[in-house]
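Thanks for making the time, everyone.

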Amino acid sequence: MATSTLKNVRFAGMATCVPKHVIHNVNDVPPHLRSERERLVRNIGIETRRVCPDWQCFSDLAYDAADKLLNDLQWSRDEVDALIVVTQSPDYLVPATAIILQDRLGLAHSTIAFDVNLGCSSYPFALQIMGSMIASGAIKKGLILLGDRSSYKHKDPLKDPLFSDAGTATALEYKEGAPPMYFDLNSDGSGYKAIIVPVGGHRNPFQLEHGIARKGDDGFWRSDLDLILDGPAVISFSTQRVPPMVEKLLGYANIAKDEIDYFIFHQANRMINETIRKKLGLPEDKVPSTLREFGNTSGASLPVTVTVRLRDQLAAGKQRLLLCGFGVGLSWGGAIVDVEDAIFPQLIIS
Amino acid sequence: MDNIDTFIEKFITAVDFQEAVEITPDTILKDLPEWDSLAALGVIVLSDMEYGKTITGEHLKQVSTVNDLYQLLN
């Protein structure tokens, strides 16, 4: 059951929060590294990134996004029936961050709250999970808090040119006759090593020596606590799996490409995103990008892009969006969602 | 399939060399100043988009010269 349809679920609003601190991928590195960095930036398309200071967690950004969205929606706190946090940067390994945020946001004890561990692919999955609870009639209003503090794994923020931090909030509600949402969601765990933090879970518990950095074949210093990303495997996966999934989803929904107003893809890097766009034959103006200023914010890159690039268009009238996430897992999925009269606060900088 | 000279032109664009380099079919990939992970991504995309062929990081580790790469995509 990769494809599915949800009825009577309305997209009510979305808010996005990023940290204040900006790192420039070229200007902030030592002068002797700049020419190499310029080549990198040309190809990955990421000039600046937003990075949390030590004290700031993903949940702090998500809290600000949720607080603003609830206020702008004029939803009272005890109306929220479910709170789902979707992140790979929880406050603690135990307990779930969603439950901490239930209290922090002042939501009722009757709120269903739990975490979902998904990264770059997460946005369509999160809509499907919350949407299913709403479509079943079990709950009326739900809040998805989604994002990551992806930059924390690298103590030297200059070493990693890709990752950036963001927290987002999305509100869904029950509405009889709301336009259907269509989904296609997929998983392939055989590729689990392509993007992995190998130490710190129960398979390889943390020991002191894991914290010691060693120099790799590529000249960079890494410890076992750092994220390992197999670039060739990720680019092959993304460019081979995503375009056919989008075609399949459109076929399932019986919607033509020109009936989609905007295609919002996970912002991975320019090479991956451009290859996907060209394979699908999509014009640049229908595929908004925030890579240059906001980098790769994991699953939050979809809400970041909608908030930063599409607020005016969404305020002007109904838009049909195709939202597509792909990455760590390996996991990939898409959702077609009609958005009308929803609340989109301006980007929050915290 | 392109002839090897055309392939070399596309290869140079895909790797995005910072300074001009002279490349022949016998050039050894590892000796190139920018034969790094970014170059690998560029070549994987080139292979897919221009030649309709899916190659992996493992394929790239197994080839030695520019001509070997050309043959792999042929």
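Thr3(A) has Asp184(A) as its bridge partner in β9(A), and this belongs to the antiparallel pairing of β1(A) with strand β9, residues 181-187 of chain A, which runs over four bridges. Strands here are DSSP E runs of at least two residues and helices are H or I runs of at least four, numbered from the N terminus, and two strands pair if DSSP finds at least two bridges between them.

Before going on, this is a predicted model, in which local features need pLDDT of at least 70 and side-chain atom pairs count only at pLDDT 80 or more, while totals for chains, interfaces and linings use all residues. Residues are numbered from 1 along each chain as its sequence is written, chains are lettered from A and ligands numbered from 1 in the order in which they are written, and side-chain values use heavy atoms, with hydrogens and water left out.

The sheet itself is open and mixed, with five strands of chain A in the order β1-β9-β16-β15-β14. Its edge strands, each pairing on one side only, are β1 (3-6) and β14 (262-265) of chain A. Ignoring direction, neighbouring strands are turned by 20° against each other on average, where axes are lines fitted to C-alpha atoms, for helices over the stretch in contact, and angles run from 0 to 180 degrees between N-to-C directions.

Helix α5 (residues 231-253) of chain A packs on this sheet, touching β1, β9, β14, β15 and β16 of chain A, and its direction makes about 40° with that of β16(A). Contact means heavy atoms within 4.5 Å. Helix α8 (residues 301-316) of chain A lies across β14, β15 and β16 of chain A, and runs at about 155° to β14(A).

Turning to the interface, how many residues of chain B are in contact with chain A? There are 17, in contact with 17 residues of chain A. The area buried between the two chains is about 1,400 Å², with 60% from carbon and sulfur atoms; buried area is the accessible area (1.4 Å probe) that two parts lose on being put together, summed over both.

Between chain B and chain A the count is three salt bridges, that is, a side-chain nitrogen of Lys or Arg within 4 Å of a carboxyl oxygen of Asp or Glu. Arg39(A) forms a salt bridge with Asp36(B), with the closest N and O atoms 2.9 Å apart.
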